[in-house]
Amino acid sequence: MGRIAVATIVSLWVVPISILVNHIVPEPYMDEIFHVPQAQQYCKGNFRSWDPMITTPPGLYYLSLAYVACLFPGMSFVKAASSFSEGCSTAILRSSNGVLAVVCSVLVYEIIRHLRPNLGERKATLIAVVLAMYPLHWFFTFLYYTDVASLAAVLAMYLACLKKKYWFSALLGALAVVIRQTNIVWILFVCCSEVINITLAGQTDKIGVDTDFSVRKNSRPVPKNSVSNLRKRKVSSSADTEIHSMPASSVSSQSCTSGILNETKAIFQKLWHMKLEFVVSFSPFIMVFAAFVAFVRWNGSVVLGAKEAHAVSPHFAQIMYFGLFSVLAMAPMYCSFSQAAELFQSIWKNKSLGFFQITLALVAGFISIHFFSIAHPYLLADNRHYPFYLWRKVIKAHWSMKEGAEEDLGACIFLGHCCSFGSRATD
């Protein structure tokens, strides 16, 4: 069991389903009508050619060029393609995402093993295989979209950052942005996650970085109260891994909220006293952020093409969708009957706080749905999307459907908030 087992198991469904998809849908499908011809233009050497309807950078097409270049000697030997451009068929371009899907599963396995080194290989393998079947990732495995390549770059960036290889991680982050520019958000997530990990680990002397870039420790002392507010974590370091464990305890929502606030305060205190080290250590990521800001300023928009249909807009309803999905995903593990009973008991004991949280969730949901719920014009125009029918036949069937959804989604935000407290207690 291990990375080879994960790659083998994932390949067992990637290969046959890819063959089936190419047999049933041999021609470019949906957004492939933009991506496949553009990649084929690059295969012909027409790097100045660009479809104005494509919104993402050309990172995927450059990866495809490298992929086809690796396959072309073999295809030429078996006479499957007489020229390089013939090797850039729809099936071959799609297969690049199949290979990247296998890479994603291996990266997930490595991340799991790094975050949970005490976890057995079999369990880590099982988790990685299950995550490889995540629907939003699984379906794009068999089409030539940017999603799988984007995810592979983001996962590789995260794994490199966990291993303290910040320069390499920033390089992978830049690649992720070149594939899909919205990945700049995930670079921010990776940076913040690593900063929090370093801060909570109490590494006040130095920050582990690449062997070719070291940082002197700050001579200014850190106040003791900034460390004492942190939750006690047992830390044992090795060459590549650090194990953080926190004692499980049963706490109420109020005490959890207080703990989070104290922990956040302590993090910012340590950030201030270690600001020079953090700025120097994370300078590669800062360069990527600066380059992205310069690009947006030069381009006049985040997207490259179809700027009118992809303007930056506040779409807070996305948080509601995420809340609903998170609650459904966490329910089997964290929302048991005993935890639900404990939750309602804690709400009953502190009615004012519970009423305030529920009211706040419902009001936030109402405002998000009523004022910040955006229907993308492409969503309403393409009946090949399931959301097209969901929006037309359900949400827009009556005005009360849209407003009534606010109550369910707002409640999910509150329940997801409570489930996250339950997960802290069981970690």
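Quick housekeeping: what you see is a predicted model, where local features need pLDDT of at least 70 and side-chain atom pairs count only at pLDDT 80 or more, while totals for chains, interfaces and linings use all residues. Residues are numbered from 1 along each chain as its sequence is written, and side-chain values use heavy atoms, with hydrogens and water left out.

So, the overall make-up. The chain has 19 helices and 2 strands; these are DSSP runs numbered from the N terminus, H or I with at least four residues for helices and E with at least two for strands. It has 427 residues, and 38% of them count as buried. Buried here is under 20% relative accessible area, exposed is over 50%, and partly exposed is in between, using a 1.4 Å probe and protein chains only. As for contacts (heavy atoms within 4.5 Å), take those between residues at least 6 apart in sequence: 74% of them join residues at least 24 apart.

Now, how many salt bridges does a search of the whole structure find? The search gives 4, where a salt bridge is a side-chain nitrogen of Lys or Arg within 4 Å of a carboxyl oxygen of Asp or Glu.

Let me start with Glu110 and Arg3, which form a salt bridge with their closest N and O atoms 2.5 Å apart. Glu110 sits in helix 4 (residues 90–115) and Arg3 in helix 1 (residues 3–24), so this pair ties together parts that are 107 residues apart in sequence. Glu110 counts as buried at 16% relative accessibility, whereas Arg3 is partly exposed at 46%.

Next up, Arg94 and Glu32 make a salt bridge too, with 2.7 Å between the closest N and O atoms. That pair links distant parts of the chain, with Arg94 in helix 4 and Glu32 in helix 2 (residues 32–43), 62 residues apart. Are these two buried or exposed? Arg94 is buried at 2% relative accessibility, and Glu32 is buried at 0%.

Helix 2 and helix 4 pack at about 105°, with axes 10 Å apart; the axes are lines fitted to C-alpha atoms over the stretch in contact, and angles run from 0 to 180 degrees between N-to-C directions. The two helices are therefore roughly perpendicular to each other, a label that covers 65 to 115 degrees. Where they meet, Glu32, Val36, Ala39 and Gln40 of helix 2 face Thr90, Leu93 and Arg94 of helix 4 in contact.

Then there's Glu194, whose side chain meets that of Lys164 in a salt bridge at 2.5 Å, N to O. Glu194 is in helix 9 (residues 184–200), and Lys164 is in the loop between helix 7 (147–162) and helix 8 (166–179), 30 residues away. Both are buried. Leaving out residues up to four places away in sequence, Glu194 touches Cys161, Leu162, Lys164, Tyr166 and Phe282.

Last one: helix 5. Its buried residues are Ala124, Thr125, Ala128, Val129 and Ala132. They cover an arc of only 135° around the axis, which puts them on the same side of helix 5; that arc is taken from the directions from the helix axis to the C-beta atoms. This buried set packs against helix 1, helix 4 and helix 6 (135–138). On the face turned away, you get the exposed residues Arg122, Lys123 and Leu126.

Notes. Angles under 35 degrees count as roughly parallel, over 145 as roughly antiparallel, 65 to 115 as roughly perpendicular and the rest as oblique.
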